[in-house]
Amino acid sequence: MSDVMVNAGSVAFQADGSTGARKGVQVNRLDGGLIKGGKPLSFTFDGKRFKGFEGDTLASALLANGVRLMGRSFKYHRPRGPLTSGSEEPNALVELRSGGRQEPNTRATVAELYDGLEANSQNCWPSLQHDFMAINDRFSNFLTAGFYYKTFMWPAAFWEKLYEPIIRKAAGLGSISFAADPDAYDKGFLHCDLLVIGAGPTGLMAALTAGRAGAQVIIADEDFLLGGRLNAETFGIGDLTGAAWVEQAQAELASMPNVRVMPRTTIIGAFDHGIYGAVERTADHVLAPEAGKPRQILWRIYSKRAMLAAGATERPIAFENNDRPGVMLAGAVRAYANRWAVTPDQTVAVFTNNDDGHRTAADLIAKGVKVTAVIDTRADAPAVEGAELFAGAQVIDTRGRLGLESVRLRLASGITRDVPCGALAVSGGWNPNVHLTCHQRGRPAWREDIAAFVPAGELPQNMAVAGAANGDFSTAAALRAGADGAVAALSELGIEAKAGELPEAEDAPINVTPFWYVKEGKGRAWLDQQNDVTVKDVKLAHQENFRSVEHLKRYTTLGMATDQGKTSNMGGLAIMAELAGKQIPEVGTTMFRPPYTPVSFGVMAGRSVGEEFRPTRKTPSHKWAEEQGAVFVEVGQWLRAQWFPKAGETHWRQSVDREVLQTRNSVGICDVTTLGKIDVQGKDAAEFLNKMYANAFAKLPVGKVRYGLMLREDGIAYDDGTAARFAEDHFVVTTTTANAVLVYRNMEFARQCLFPDMDVQLISTTEAWAQFAVAGPNARKLLQKVVDPEFDISNEAFPFMGCGEITVAGGCRARLFRISFSGELAYEIAVPTRYGDAMIRKLMEAGEEFGAVPYGTEALGVMRIEKGHAAGNELNGTTSALNLGMGRMVSKKKDCIGNTLSEREGMNQEDALKLVGFKPVNAADPVQAGAHLMNANGEVSAATDQGYITSAAYSPVLGCSIGIGFLKRGDSRKGEVIRAVNPLEGKEIQVEVVSAHFVDPEGERLRG
Amino acid sequence: MIINHPILGPRDSQEFTYLGDASLIDRPDWQADNAADQFCDYLYLRDNPAGAHRELWFHEQGDRSWLVVTRNTVTHEILNVELARDVARARGRSK
């Protein structure tokens, strides 16, 4: 058979001839295989330089170089080598690359070799060969299952200071560099009729069948080479070798425009409604991604039908010291020999409970490797040619400190014998890869004839399972299941496909007698090699009554490592079943959850990192503000100017005080575009707003603006803004910046779900209009220079709370609102967004003669606190209209959202909190937002709490710090001196209760 | 999840925001004698069924339709999708 492989043409290695030339220092390199000849690739492991070939993995290249020791285990720091040749690998975890590209916990068995690959061992110090923490291994009697739960319980005070830091230091496997990852990760979306998961014989046959029928097909495989086990076995398909058949199939698939072949792509999860997550590693196999190309892509695949053809995973047998480097799965040893032309050692023994293990012996012998023994647990084991067979025997112990040297057998006759070998190929049978079938509600069922769980129960919507993943292990059965499965899936979509004539292939029966662990021996027999869980630990869990599989998992950590127990769960639960006197199906399996294999955070984040984490929204005057040297602040997604420092100003307060005073004394301009704007139109627009706002809108005249308070249905104040009536059937509503999206959503809910036949339409116009506040005694004079002369904006023609559609700057469409947040004579002027930049420049130019200042969000905040206007700090989700001093605004004569429940007794208590202002008794004392209010005398406690301060600022007008907040019966306590306390910082000041309207309480300025 | 929008066809659930039980459509009459009690039930009492659940979804990144989606909370199977406005009308919310 191996001769056939060598002749397989371009994919097989044969080009550069002699064994000697290939070997060099690659002492364990064999002939044949699917690696490519030519120039060897150079790589390093722990700083030492090695050579491998294209087509190698890091593990196969290291084995070729005679390196079996690749890692240290998690808990006991036991020396370990690769157990497998695939993604299920528990042991051979390494750190790849360095600097920003360093990636810990990468499985050497799937890391594709490239020239310049840099790998380092992890979880060891000072070196892989001499690991200090291996001392843990000596204390293993203490570090058993539940050790942490039992040991670190008391004294409780030790946890934070002593136990946790030590455990955290010891925990984890690989390390990260803390340097920023220089690479990009992308996200993408794909659609298909049929998603084929796995490109072994089943998947390839399914993709060929569906592709020939013209269906849209995606076939994905985690491996960089299509073919699955066909690459690892010596049997052919029809007249071809397995690899040649794969090459032919791949060529045909590549010729079909309706088929997308995705190697290096792991389907990580099966989600609702036929959606699958996939990670494509587009640049992990090269030194660095091409410029502008991503390292990995996270795909969301929308499939109409999916076929899981994920194959099967071999399971080991547990016996004493079965974790030495060199003890490997038999299928893996065979894969290394046939695909990678590597043997882990020149002498190999085989330990099996099934016929499949014998294939390893035969293939190794054919490759010239010395097989020192075939140990078969079955008394009726089939004969072996070329090696000594021990039927009915078991491996009871092993030797070799950093790598296997010999195994000790208990023969059927009862005597023991030592057999020398540098590698032991172990097969305990095969488990179908059912993982993805469980991502929704599937619960695998036990099949006695193959001694394994197969997919069952409720599979993910429109998923079918075929081939080895379904328990059909032979190649012939796989091809048949792939073809038939594709035909069945497509017929459900109304696409006619033909299975056609299938090539001949091996059809060997499954011959397995369950055998989970060797009972002999007092030492440790390993189940979960990554988390160091032994047969003893399972026994202890059983003894301490953690017997359900889910408890077993959490108590022993079986299956909780990065490999999720792909090679160990089955053994653990079989032993638990035996101890509990139950059948395996009664015990069941733990739940499999996404992701199928570990996924990097980078690909989950995609492009949403750093500044791109979320959109940055810039106001229309942003560029101009930047030119002025504005300091910006993030408000939600918006960047707003916080203040505009001038030359000589060394502290932000200097800038803010100047902006406030200049606005109050002359005129200031502020970009208020970020406020939400909703256009409300229709015959029933006024009636609709009556429902939305607590106060009445029906009688608002055209050309007028009214303040509006919105409640939640539970009566709590929600949002506030203004509604301007431009026509009988047309309002423009504003919301706070933070609630722009939510208020619109609520209004649409009311419109469609509560009042479905009102004649009203809504649209958000937040980004359609650039809006500027122009405030201060000179605001009108300034605007008169900008607004076109045909529009009279005198106090008589355009009084306080007026609004109108006007033009500016010689015909530019604009809206003018005479509203004031600062308490000054003020307007807001809106122009289409594209004129926003021109507008701010025009306003500033027109204001030059008045000394107009731009002001930012800080000055805006100071001025609204000076006026006692509520904002987000006051509309904080706990306060009602009554608390805000707007109780009388809530109309009793009409229905609106929140009015019924705002009348609840609990929200209308006599000692309800009321919004008032606070001035420090000692003018030098700063008032702090968040401080709690206490009576002048008496204890400071939650029980005596009188309220709290919500907003505070230094008022340049008053020359002292001021605050507003909520005080019990506050409206009737003006003049009272109370205490504002901050127990967190140990601060306490005396404050006087005053009106929240610090500046111009009569409101004369804004009407002037 | 994929929600089969009655107007736009199948759409990814990422385009939607979720509100909750479709009983929120049945807002009580503010003039009823026991309006406060009715509002209290309306606002705070919800069934939490393991199985078919009628719920409100908003196609925020789409056509801004509110939908009533009947979803099996156990399997995420979507059994029916209606325009909430049609549901509201059918439940007598027309003027």
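Which residues does A:Ser891 touch, not counting residues up to four places away in sequence? In this predicted model, A:Ser891 touches A:Ala694 and A:Asn899.

## A:Ser891 and its surroundings

A:Ser891 sits in the loop between H23 and helix H24 (899-902) of chain A. Its side chain reaches the backbone nitrogen of A:Lys893 at a distance of 3.1 Å.

Is A:Ser891 buried or exposed? The relative accessible area of A:Ser891 is 14%. Buried means under 20%, so A:Ser891 counts as buried.

## Domains of chain A

Chain A is divided into domain 1 (2-151), domain 2 (185-312 + 432-492), domain 3 (618-674 + 768-864), domain 4 (676-764) and domain 5 (909-1007). Domains 2 and 3 are each written as two segments of the chain.

Domain 3 of chain A and domain 5 of chain A have C-alpha centres that lie 30 Å apart. Their contact takes 14 residues from domain 3 of chain A and 11 residues from domain 5 of chain A. About 1,100 Å² is buried between these two domains, and carbon and sulfur atoms give 59% of that area.

## How domain 3 meets domain 5

Between domain 3 of chain A and domain 5 of chain A there is 1 salt bridge. A salt bridge joins the side chains of A:Arg1005 and A:Glu824, with 2.7 Å from N to O. The count of residue pairs in polar contact between domain 3 of chain A and domain 5 of chain A is 5, with both residues at pLDDT 80 or more.

On the side of domain 3 of chain A that touches domain 5 of chain A, helix H18 (652-665) and helix H23 (857-866) of chain A each supply at least two residues. H18(A) gives the most to this side, with 5 residues. The residues of this side of domain 3 of chain A divide into 5 nonpolar, 3 polar and 6 charged.

## Helix H10 of chain A

Helix H10 of chain A covers residues 356-366. Which residues of helix H10 of chain A are buried? They are A:Asp356, A:Gly357, A:His358, A:Thr360, A:Ala361, A:Asp363 and A:Leu364. H10(A) is followed by A:Gly368, which has a positive phi, near 85°.

## The build of chain B

Chain B has 2 helices and 6 strands. Along the sequence, these elements of chain B follow the pattern β-β-β-α-β-β-β-α. The C-alpha atoms of chain B fill a box of roughly 45 × 30 × 20 Å, taken along the principal axes.

Chain B has 95 residues, and 42% of them count as buried. Among contacts in chain B between residues at least 6 apart in sequence, 48% join residues at least 24 apart.

## B:Glu15 in its loop

B:Glu15 is found in the loop between strand S2 (9-12) and S3 of chain B. With its neighbours within four places in sequence left aside, B:Glu15 is in contact with B:Phe58, B:His59, B:Glu60 and B:Gln61.

B:Glu15 has a relative accessible area of 19%. The cut-off for buried is under 20%, so B:Glu15 counts as buried.

## Where chain B meets chain A

How many residues does the contact take from chain B and from chain A? It takes 35 residues from chain B and 37 residues from chain A. Chain B and chain A bury about 3,100 Å² between them, with 53% of it on carbon and sulfur atoms. Of the area that chain B buries against chain A, B:Arg27, B:Trp30 and B:Arg85 supply 22%, more than any other three residues.

There are 5 salt bridges between chain B and chain A. A salt bridge also links the side chains of A:Arg745 and B:Glu60, at 2.7 Å from N to O. Across the interface of chain B and chain A there are 17 residue pairs in polar contact, both residues being at pLDDT 80 or more. Strand S3 (17-21), helix H1 (35-44), strand S4 (52-58) and helix H2 (84-90) of chain B each supply at least two residues of the side of chain B that touches chain A. H1(B) gives the most to this side, with 7 residues. The residues of this side of chain B divide into 20 nonpolar, 6 polar and 9 charged.

Key: Residues numbered from 1 in each chain as written. Chains lettered and ligands numbered in written order. Predicted model: local features only at pLDDT ≥ 70, side-chain atom pairs only at ≥ 80, totals over all residues. Heavy atoms only, no water. Contact = heavy atoms within 4.5 Å. Buried area = accessible area lost by both parts, 1.4 Å probe. Salt bridge = Lys/Arg side-chain N within 4 Å of Asp/Glu carboxyl O. Polar contact = N/O pair within 3.5 Å; in protein donor to acceptor, adjacent residues only side chain to side chain. Helix = DSSP H or I, 4+ residues; strand = E, 2+ residues; numbered from the N terminus. Nonpolar A, V, L, I, M, F, W, Y, C, P; charged D, E, K, R; others polar. Domains from an automatic or database assignment. Buried < 20%, exposed > 50% of the residue type's maximum accessible area, 1.4 Å probe, protein only.
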